[in-house]
Amino acid sequence: MASILRSEVQAERHVLAPRLSVVIPTFNEFSNIAPLVEAVRGVLGDLPWEMIVVDDDSRDGTYDEVLRIAQTEPRLRCLRRIGRRGLSSAVTEGVLAANGDVIAVMDADFQHDETKLPIMYHRLLDEDADLVVGTRYAGDGSVGDWDATRARMSDLATRLSRRLTGYQATDPVSGFFLIRRAVFVSTLYGLSQQGYKILIDILTSATHKLKVIEVPYIFRNRAQGESKISLMVVAEFAFLLIDKVTRGWIPPRFVLFAGVGGLGLLVHLAVLFSGARGGMNFIHAQALATYTSMIFNYVINNEFTYRDRRLVGLNFVRGLALFIIICSIGAIANVGVAELVISRTQSWTIAGIGGALMGAVFNFGAASSIVWGQHKRRRAGAPK
Ligand code: GDD
Ligand code: MN
């Protein structure tokens, strides 16, 4: 017994604390995990490392696969989140669980060039940098072969993000970077954690000017599985931009909700006037316009503003009915406030805006909790 203990203690002495913690966010990456661990093991060699996979309860068994591999690779572990989605928050939680002083953040699907990890690590230490970003837009970096739409979307996102982050990096939307853990931790309370773009979040939340180095790499095609790029990613990007521009004062979802409401107003007017032109009387045309714009608002909000909680099938129909009820109550609140304001100020403009704002806030609050509330959800959905 004593001898077993002694040998265990001796063995432990040889286990080095990790210097580099590789954080990998995953959602349905089953078939990439084993090759990824193999590749990282190969490129990092003797450097003491650990890998933390942060999995949002993937349905394809990613978590079980990590556990299986961890039986023979103790440097690997999985943080499994239930009922949660989001790349940025996954990365943040992975970093908080990491033991290394330096963190690498990388995708699971081999689009990021893992062979750059040692260069990035050594440059971070040698040049005393805070952050080393893998970039597709400098030196011999590139985005590989993308179709025109994706290239254009990415180009727009990159240009907006460069401006937002004060041109500190050529590729601020990169999900491939190394950072000192202490630097990441110092940004924690400023992070928005919305959506996909954790690097933008870090750059705009840093408490001092960061020393950033860039290492070019070529963005590969995804090895296995499917990309999660979708309308959801666009919505999430909009969330992050709004959150950063309003400095967290206005909920991004409300800005989108109100924006959709603005579009809904245009739909309303279009239906109203075509109804009038088609010979309908005002009340009928107004009623038709009201319901059309409610349905329009519902569909667009379901597709975009609440994409992460999108309702389908029977829930879609139930949600629509609830949405119409809520908007009707919102209209009463709208008129009530407008009446109150006009009795005090006599200004149609102020009363109109006040009423509309009241209606929008009411609709938003009620819709967020009742139509798209997250109660009863047992498993994080897979928004596409
Ligand atoms: N935990 C968790 N939760 N992981 C997620 C989620 C999520 O909700 N969504 C995606 N992931 C994981 C994926 O499994 C993958 O490992 C990584 O995050 C990136 O997801 P992809 O779906 O492969 O993203 P992409 O290829 O569209 O985007 C890549 O390019 C962007 C730049 O254009 C990513 O590298 C981004 O980080 C990068 O900003
Ligand atoms: Mn990818």
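Reader: Which residues of helix α3 are separated by about one helical turn?

Author: This is a predicted model, in which local features need pLDDT of at least 70, side-chain atom pairs count only at pLDDT 80 or more, and totals for chains, interfaces and linings use all residues. Residues are numbered from 1 along each chain as its sequence is written, chains are lettered from A and ligands numbered from 1 in the order in which they are written, and side-chain values use heavy atoms, with hydrogens and water left out. An α-helix has 3.6 residues a turn, so residues three or four places apart point the same way. Here E65 and R68 are separated by about one helical turn, because they stand three residues apart in helix α3. Helices (H or I, at least four residues) and strands (E, at least two) are DSSP runs, numbered from the N terminus.

Reader: What do the side chains of E65 and R68 form?

Author: A salt bridge is a side-chain nitrogen of Lys or Arg within 4 Å of a carboxyl oxygen of Asp or Glu. The side chains of E65 and R68 form one, at 3.0 Å from N to O.

Reader: Which parts of the chain does the salt bridge between E73 and R41 tie together?

Author: The side chains of E73 and R41 meet at 2.9 Å, N to O. E73 lies in the loop between α3 (62-70) and β3, and R41 lies in helix α2, so the pair ties together parts that are 32 residues apart in sequence.

Reader: Is E73 buried or exposed?

Author: Buried means under 20% relative accessible area, exposed over 50%, and partly exposed in between (1.4 Å probe, protein chains only). E73 counts as buried because its relative accessibility is 4%, whereas R41, at 27%, counts as partly exposed.

Reader: Against which elements do the buried residues of α4 pack?

Author: Contact means heavy atoms within 4.5 Å. In α4 (residues 87-97), eight of the eleven residues are buried. The buried residues pack against several elements, including β1 (20-26), β2 (49-55) and α8 (198-205).
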